[in-house]
Amino acid sequence: MNKILASFVLATLTTSAFAQSNTNSPYSQFGLGDLTDQSVSFNKGMNGVGLAMRRGNEVNPMNPASYSSIDSLTFLFDAGMSGQITNYNENGKKFNGKSGGFDYVTALFRAFKNVGISFGVLPYSNIGYDYLVSGVLSDKEKTNVASEYTGDGGLHQLYIGTGFRPIKPLSLGVNISYLWGDYNRAMGTVESSNLSILTKEYRASISNYKLDFGAQFELPLSKNDNLTLAATWSPGHSLKSDPECIITNVKTTIGKADTTLYKIADGLSIPTTFGFGIAYNHARNLRVGADLHIQKWGSVDFPSYTSGVYALKSGLLKDSYRLNVGGEWTPNPMARSIFKRIQYRAGVGMATPYYYINGKEGPKELSASLGFGIPIMNGYNNRSVLHISGQYVHRSADNMIKENMFRLNIGFTFNERWFAKWKVE
């Protein structure tokens, strides 16, 4: 138990120390930023598929019902990081951006028979961008205007969850998360006439909770084949946060600045989310699955500053949908050869945006991934796995910036027999 507590403290401190924005996309300025799923190392190789996946040697926080599959002698510790290069294309103009960092830390152990407990830190959203827009304010006066947009922040979730199996085919689970973070967005406009400088700053600090419920139902098809059906639900609620808007207008001719602070009480919320998954398993050689995620952002109002008024506004966000399909093949999981025990993974997916940009739907997303799970085989441990995967993501919409992102994910699942009892005969 002391080792478990030490791992929990280490996970919290390590992830908090490395918590940072893992994006440089201008689209992260909308809503709560670029949203992430709850996938970990093995999910990422299958493009995030995991709602119906359950194995005793993996931590799968995408569905807490999976925790009940943990082996009685096993303690799992999973950590991962990623780096990405993104190419941006706007009207033929191209440029590249880089970002990366520590992603997550999770752990899982068995508390009782058919009851598993997991804890860790996962990302919820990322905000990070810095770009410049210039134009002509008046054809007559030829006044040039340059506006710089910057933003940083994001949300993280520290969770603890449990999964249990009340009857043989059915498993249920719940994650309870502490959701925290902030966002800082700013826009500064400068005229070439140097008559005035206008800045707008949006900021908020969030500290609240999040709940995720899950279920998995196993259907045996034969001795070596089974089908797993899964569902998840996360109730939407207010975050009890008071977002602020600060407007500053500097008159350079007289050296005077006017600053106005606006605040909305209880102005941020997260939506109700549903997930549905299915997975087919053949022995321990092959598994394929499909996930559908639905987020009801359309019913969430979001702060907006318009015509001198900062208030909640409907119609800025929309319901979003994400569909992923992926699979994994292992030649021979019980072989002595490391090459026959490598797990080969692949997946594809598509997603719709959860926000509007100037009344138009944001960019849609297409993605694909390839990955490997390489077993660590030595005299001390032969159950841990190194996970490496690459993912390609394309986001585009009419008359908007196109993004092509290449992401490298590296994770490590540490699998140890911590609860074995020695017997002397």
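The lining of the largest pocket has 25 nonpolar, 14 polar and nine charged residues, where Ala, Val, Leu, Ile, Met, Phe, Trp, Tyr, Cys and Pro count as nonpolar, Asp, Glu, Lys and Arg as charged, and the others, Gly among them, as polar. This is a predicted model, in which local features need pLDDT of at least 70 and side-chain atom pairs count only at pLDDT 80 or more, while totals for chains, interfaces and linings use all residues. Residues are numbered from 1 along each chain as its sequence is written, and side-chain values use heavy atoms, with hydrogens and water left out.

**Largest pocket**
- The space in this pocket comes to about 1600 Å³.
- Among the 48 lining residues, Gln-29, Phe-30, Tyr-131, Tyr-149 and Ile-357 are the closest to the centre of the pocket.
- Strand β4 (residues 115-138) gives the most to this lining, with six residues; strands are DSSP runs of E, at least two residues, numbered from the N terminus.
- A pocket here is an open set of points on a 1 Å grid over the protein atoms alone, with protein on both sides within 12 Å along at least five of seven lines, and lining residues have an atom within 4 Å of a point.

**Cavities**
- The model has three cavities of 30 Å³ or more, a cavity being a set of grid points where a 1.4 Å probe fits but cannot get out.
- The second largest cavity holds about 70 Å³ of space; volumes are the space filled by probe spheres set on the points, which are joined across faces, edges and corners.
- Its lining has three nonpolar, four polar and three charged residues, including Phe-42, Glu-58, Arg-345 and His-387.
- Strands β18 (343-351) and β22 (385-396) each supply at least two residues of that lining.

**Gln-84**
- Gln-84 is found in strand β2 (residues 74-90).
- With a relative accessible area of 5%, Gln-84 is buried (under 20%; exposed is over 50%, partly exposed in between, with a 1.4 Å probe and protein chains only).
- The side chains of Gln-84 and Arg-407 are joined by a polar contact of 2.9 Å (a pair of N or O atoms within 3.5 Å; within protein, one must be able to donate a hydrogen and the other to accept it, and residues adjacent in sequence count only if both atoms are side-chain atoms).

**Ala-368**
- Ala-368 sits in strand β21 (residues 364-375) and is partly exposed at 29% relative accessibility.
- Leaving aside residues up to four places away in sequence, Ala-368 touches Asn-47, Gly-347, Val-348, Gly-390, Gln-391 and Tyr-392, with contact meaning heavy atoms within 4.5 Å.

Methods. Helix = DSSP H or I, 4+ residues; strand = E, 2+ residues; numbered from the N terminus.
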